[in-house]
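User: I have a new structure open and would like a short tour. Can we start with burial?

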Amino acid sequence: MTIVDPIKEAAPVDPNVVNITINDKPVVARKGELIIAAADRTEDFIPRFCYHPRMSPVGMCRQCLVEVETPRGPMMVVSCMTPVAEGQVVRTATDGVKKAQEGVLELLLANHPLDCPVCDKGGECPLQDQAFSHGPGESRFVEEKRHYEKPIAISDIVYLDRERCILCDRCTRFADEVAGDALITFTSRGNDTQVLTFPDEPFSSYFSGNTVQICPVGALTAKPYRFKARPWDLEQTESTCTSCSVGCRTVVQSSRDELVRYQGVDIDPVNWGWLCDRGRYNFESVNSPDRLTSPLMKNGSELVATSWSVALENAARMIRLALAQSTNNVAILGGARGTNEDAFAWAMLADKLGINQRDAQLGDGLSPEVFNLAQATIDETCAAKTIILLAPDVKEELPVLYLRLRDAAQKRKSRIIEFSSRNSGLTPYVWRTVGFEPGNQAQIVREALATPEMKEQIARGEVVVVVGRSNLAESEVFTLQALGEVLSAVPSAKVLPVLRRGNVRGAVAAGLTPKDNSGDAIDILNAAAAGKIECLILLGVDPMADVADSGLVQRAFTQVKNVISIDTMINSSNRNADLVLPAAAYGEKAGTTTNLEGRISNVAQKITPRGTSRPDWMIATELSIALGVDIGVSSLEDLNEKLVNSVVAFAPSSDAKSTHGDGVLMARETPVTISGVASKVTDRNAYNYRLVVSRTMYDSAQSTIASPSLAGIITEAAIFVNPLDLARIGVTEGANVRVGADGTNIVIAIKADNGINRGTAWLPFNHTGVDIRPLLNIASDVVDVRIEPIK
Amino acid sequence: MSRLNDANIKLAREIIARYPRPKSALIPLLHLSQEQNGYITREAMQHLGELVGVTSAEVYGTASFYEMFKFEPVGKYLINICGTMSCALMGAHELMHHAEKKLGIKAGGTTTDGVFTLAHAECQAACTEAPTLQVNYRYRLRVTPDDLDRLIDNLRDGKLNEEFPPHGVLSKVRQSIDASRAVGAKAPEDVNESPVWLDGKAAL
Amino acid sequence: MSKTYVHAPGFVAGDRPKIVTSRFEFADSFTLERYLATDGYKGLRAALSRPANEIHEDVKSATVLGRGGAGFPAGTKWGLTPQQVWPRYLVVNGDESEPGTYKDRLLMERDPHQLIEGCLIACYAAGLSQCFLYIRGEMALAQERVATALNEAYAAGYVGKNILGSKFSVDIILHWGAGAYVVGEETALIESLEGNRGMPRLKPPFFPAANGLYGQPTIVNNVETLANLPWLLNHGVAAYTAIGTKTSPGTRMVAVSGHVKRPGVYEIINGTTTFRDLIFGEEFCGGIRNSNALKAFVPGGGSAPWFTPDQLDLPFEASQVGPAGSMLGSGAVMVMDETTDIPAAALTLTHFYAHESCGKCTPCREGGTWLERILRRVVDGEGTDADLQQLLEVGAMICPGAFPHAANEKLGLTAVPFPYKMTTICFVGPSAFAPVHSALTLFRSEFEARVKKRVTIPVTAVATETASVGVSA
């Protein structure tokens with residue numbers, strides 16, 4: 001007699017479970033799930049074109065018709081819009097279903113040009129594949145097909161071929177629903193329906209590449225990949241994008257040992273399959289002809305190619321010479337571009353040599369103590385009832401995080417309270433936006449959060465503060481003060497620090513951060529300017545272009561005796577370096593990276609490093625041997641083992657498999673609270689304008705400039721003010737004005753922007769044309785400028 | 001000047017305010033714009049997008065779905081001859097041929113003087129009075145070729161200005177709601193309660 | 001006997017009960033003055049004097065059928081809204097454009113206050129807090145009349161805040177379309193009212209009563225349906241149900257057009273009047289023009305499968321027309337006499353629906369146009385036998401399975417009942433096929449006479465049955 005466990009037998013029925021059968025096989029589905037989604041977990045594939053799991057179903061293409069039993073017999077339904085129901089009987093391959101699916105396919109192909117041999121999508125085309133698997137085999141359509149002008153450029157990057165389009169509404173739905181850039185739309189009607197932009201208003205969305213990826217035919221193609229490869233020539237590997245710190249999961253594809261395409265991979269905790277265009281297309285910079293292929297050493301005033309042994313010997317000599325006087329004579333800037341392993345190898349080397357002055361941030365980041373506050377993940381942030389933004393424009397700096405936050409706000413999961421000096425990409429979707437003048441944010445935050453309306457909202461549930469630096473012309477103190485105000489009003493709030501550089505979290509955790517209370521990047525530059533740094537090591541950074549205060553950087557570089565740069569290309573900082581060591585670029589090296597929420601995931605090598613370039617960690621290892629302080633790294637695996645064993649934060653990634661797919665979160669330390677920071681900002685003279693300087697997605701970053709498809713999108717520098725201020729200054733849109741601060745003047749075009757408060761002026765950082773950095777002085781808390789018309 | 005003029009902007013704002021969501025006013029505003037300019041211009045669509053808070057592409061997407069919106073100038077009088085079933089049964093095709101001959105243009109064309117545009121139309125909801133036509137969406141019923149000749153002559157001579165305003169003008173009367181009488185529109189998320197009259201008691 | 005009025009072209013009055021056309025005889029029927037003089041707004045007053053739920057009950061027990069096409073009882077529809085979800089809206093469907101149909105236009109032009117009063121009663125009874133009156137774009141006069149009436153009614157305190165001094169307040173917003181047949185479909189109407197392209201939404205999940213305008217519960221009612229309410233409230237449920245049949249009480253307006261002696265819009269008694277009465281009855285159309293023979297007729301608007309003289313004795317009752325292979329639809333009969341070129345007639349309708357496809361569903365967008373192109377080739381004398389078969393096969397991609405058609409004694413056909421299966425969201429796609437199917441099923445010889453006669457010669461020994469080449473005979 002069998003003994004029945006009564007508890008097990010009487011297990012409560014999960015109210016969220018729905019039992020159905022698909023083709024007579026039982027399937028466990030979730031309440032509210034669509035039939036097609038449930039079927040996707042079985043072996044029975046339901047053909048589809050318009051359905052996309054990350055977008056609302058529209059039931060447009062009618063390809064996913066299946067039969068569902070009803071009291072009146074089997075009924076044909078579209079499985080992408082029909083939710084499961086208890087006991088539902090679904091059949092996906094009856095004669096009736098097959099006939100219907102064949103019919104829809106024949107109709108879809110009726111006007112399709114069938115130009116597969118010359119179509120980029122050929123070989124990976126859902127229409128082609130499903131025509132084979134679910135199509136009728138031949139067409140009876142003998143009429144003239146629809147004709148449209150063959151591909152038209154709908155943006156700098158994307159081409160549209162309307163003849164191939166099957167009108168599935170994926171791209172248009174993505175643009176509207178996911179990206180919030182409804183710049184492409186269906187136009188006309190019926191058989192004349194076509195996807196188009198408004199005349200002369202291109203599809204200039206930061207996310208346009210996603211439409212190319214999700215297009216189920218070859219109607220949308222992207223310039224960087226057009227006619228570059230055929231799917232069967234592609235090799236691919238899964239990786240993590242490090243263009244910014246969101247850490248989107250990607251597939252890196254190459255052909256003949258050259259990167260040709262990145263595609264987004266759908267993981268729940270981060271990017272849901274989406275990528276921004278900068279991250280998607282800056283692989284072109286890896287293929288750039290300007291890549292360094294061998295070490296370069298200064299010979300007179302020129303950089304001349306040399307061998308690695310000579311280069312390493314000289315690097316060791318320079319470092320040894322400097323260290324001979326004091327360990328404070330050497331400093332390392334950078335490290336956020338590389339992997340966790342790269343950063344850790346350099347940190348080990350620095351430890352061995354006693355170099356404490358190191359910083360992966362460049363003065364525009366956050367004090368590491370912010371990382372020790374109670375941390376929120378992206379998912380936790382997007383699920384919070386209230387999200388408080390004390391952050392830069394995430395659409396510009398962390399684009400896919402913007403998609404996630406926009407989704408949270410649009411689907412009404414969260415209410416966003418934004419504190420900012422100018423409107424951001426998220427402003428249209430936030431619940432409340434509270435403006436402040438740079439320097440005053442702490443007071444504004446305190447007052448705003450004390451209002452009954454805000455208090456009521458905050459009391460609704462979890463609160464997450466998204467915190468980062470919104471203004472390069474403002475001291476970090478104000479951000480920390482404002483954060484302190486939020487945390488004193490909402491002590492339970494969690495924090496999502498948003499820093500822009502790819503692996504900044506990982507580099508800081510691995511040890512590339514000031515040690516033993518030594519100075520940060522700005523202190524290092526100040527010390528250098530004062531002649532106190534003999535040897536400066538640039539680990540994949542270009543301070544001349546990337547640090548707000550260019551005057552300081554220039555003074556520092558004139559004083560430093562030796563500059564050693566480890567980089568992929570020549571830039572404004574290493575142009576005059578004493579030694580430049582060629583580094584392997586993204587896609588050319590493996591390892592792990594850490595995103596802004598502390599998620600550790602792998603980056604994969606797909607192609608051979610250019611020339612003799614090599615990963616940063618290998619350079620550190622070789623240099624350590626040349627210096628006689630061997631850090632003892634024999635391989636990447638060995639290095640990774642050392643990292644996970646010696647740095648607690650990385651311990652959760654000890655199993656390499658955990659860094660694949662969703663990745664794994666860093667170990668979190670016991671949260672600390674932030675100490676009060678007091679600072680008072682000087683009042684602004686009413687005739688002056690207080691500066692906000694911030695980054696946009698397309699600026700003169702090297703990876704953008706070296707990507708031909710993106711380089712043309714960068715706009716000319718200009719200063720933006722409120723339209724009323726434009727009138728007050730007495731100039732018209734586009735006129736040149738003189739902008740001055742502390743005896744420095746620049747001449748720059750002025751433009752009106754409704755999203756800027758009166759008395760504030762916005763300068764996008766690092767755009768082409770006029771260099772705005774002479775106006776910025778890192779020593780002052782805020783920057784006030786005069787704006788005058790040019791007579 | 002093809003953005004809305006000041007008087008029409010005022011009107012547009014009134015119309016927008018009647019809807020719980022501004023985009024709902026789009027089609028009425030497109031009509032207003034067509035009334036002002038005779039057709040829908042590029043600048044008008046951009047302006048309407050600004051007014052209701054959507055992209056120009058969305059305005060164009062909506063506008064191009066509907067046949068009454070013309071994106072190029074049409075004649076002062078748009079003559080739509082119905083060709084659907086009942087009218088076809090009663091001689092619509094012959095009427096169209098006659099109109100083409102009389103005006104010297106093909107269906108879809110505009111006379112060189114810009115007075116008439118002739119077009120095929122679908123069912124005009126006057127089927128019992130076939131064949132029918134509309135001039136700027138105002139009916140002529142049981143139209144014979146002679147009727148058509150007279151109509152065209154009279155229109156050209158300005159004898160029917162009263163009855164047929166120029167293309168773009170639709171209703172000559174606008175709804176206007178006095179503020180003191182209006183209940184007012186609210187976004188649906190701002191309404192959470194059942195209407196006051198559902199209290200189980202008579203309203204009067 | 002039958003009577004027409006110069007001020008109401010198309011309308012034919014008769015000695016029958018008048019529920020919605022009682023004021024048509026007056027030249028000034030559209031003015032508030034005339035309306036008030038003829039029991040106007042009395043139904044509203046009667047409604048407001050009782051609790052809202054009682055009014056809803058009245059409409060339910062009177063079985064006021066929807067007059068838009070589907071014939072669903074209005075009172076039941078109002079009750080389908082989810083509990084405690086607010087606000088709820090009323091959207092009035094005045095986008096009348098089904099070929100052969102017009103009655104809503106007359107009701108709006110001739111008696112706009114009656115419609116307004118009906119809207120108010122519906123809003124009161126069903127707790128709808130805003131009303132949008134969507135009028136077809138091409139109906140300038142209807143828009144003018146309704147706008148004028150609304151302005152008068154607002155000023156007189158019948159619409160807006162505290163109607164008749166009561167706690168009942170509702171705005172009626174006049175909205176108008178811009179030329180798109182498909183917007184007559186209720187979910188497309190809602191899309192259009194939201195300022196979007198008028199593309200239908202799938203039901204479920206977008207049953208308007210649960211998830212309609214702005215995602216809120218929304219009642220979409222036809223103009224004629226609402227125009228019934230003032231009379232119902234004035235005269236009571238018993239008086240209303242005393243007219244017509246139990247399942248189809250009251251009257252309904254029917255437009256009879258085409259080859260009849262006296263085409264016109266008639267208010268007929270629901271459920272009992274037969275097609276023979278309508279087409280041949282002296283009080284109605286008085287027979288076929290020139291005393292020709294009747295060849296076929298479309299019983300319920302351009303979307304409906306066709307009938308032949310065999311079906312003349314069916315009454316205007318959905319429960320009988322459906323099993324007979326067609327539908328009553330929007331109340332429109334189009335009559336074809338013996339001189340009619342059947343393939344060409346079918347082409348006008350197929351062209352209409354192909355042209356009016358919104359483009360959303362593949363089968364309709366691609367299939368409708370394909371049908372039209374094949375059919376045009378056949379009508380132009382360029383078609384082949386294979387084309388006739390192809391018409392049916394393309395149609396089967398839109399409507400799989402047996403397509404409804406009427407019985408025909410001469411052809412030995414038995415009826416295939418309504419409705420059909422469809423691969424599209426709405427009825428536009430199937431409607432492009434319906435006339436082709438009816439014409440081809442009932443009058444195949446006319447098509448065969450049109451197609452080119454071809455001789456098939458196998459090209460090679462291995463040719464399959466489909467791999468053949470045609471040579472003109």
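Analyst: In chain B, 57% of the 204 residues count as buried, where buried means under 20% relative accessible area with a 1.4 Å probe, protein chains only. This is a predicted model, in which local features need pLDDT of at least 70 and side-chain atom pairs count only at pLDDT 80 or more, while totals for chains, interfaces and linings use all residues. Residues are numbered from 1 along each chain as its sequence is written, chains are lettered from A and ligands numbered from 1 in the order in which they are written, and side-chain values use heavy atoms, with hydrogens and water left out.

User: What helices and strands does chain B have?

Analyst: Chain B has seven helices and four strands, counted as DSSP runs: H or I of at least four residues for helices, E of at least two for strands. Along the sequence they run α-α-α-α-β-α-α-β-β-β-α.

User: And is chain B compact or spread out?

Analyst: Chain B is more spread out than a compact globule, because its radius of gyration is 21 Å, well over the 17 Å from the globule rule for 204 residues. The radius is taken over C-alpha atoms, and the rule is 2.2 Å times the number of residues to the power 0.38. The C-alpha atoms of chain B fill a box of roughly 60 × 45 × 30 Å along the principal axes.

User: How many residues do B and C bring to their contact?

Analyst: Chain B brings 71 residues and chain C brings 96, with contact meaning heavy atoms within 4.5 Å. About 6400 Å² is buried between these two chains, and carbon and sulfur atoms give 61% of that. Buried area here is the accessible area (1.4 Å probe) that two parts lose on being put together, summed over both. On the chain B side, M85(B), R181(B) and W197(B) lose the most area to chain C, together 13% of what that side buries.

User: Now chain A. How much area do C and A bury?

Analyst: Chains C and A bury about 2800 Å², 55% of it on carbon and sulfur atoms. In that contact, 34 residues of chain C meet 33 residues of chain A. R197(C), E366(C) and W370(C) lose the most area on the chain C side, together 22% of what that side buries.

Terms used:
Buried < 20%, exposed > 50% of the residue type's maximum accessible area, 1.4 Å probe, protein only.
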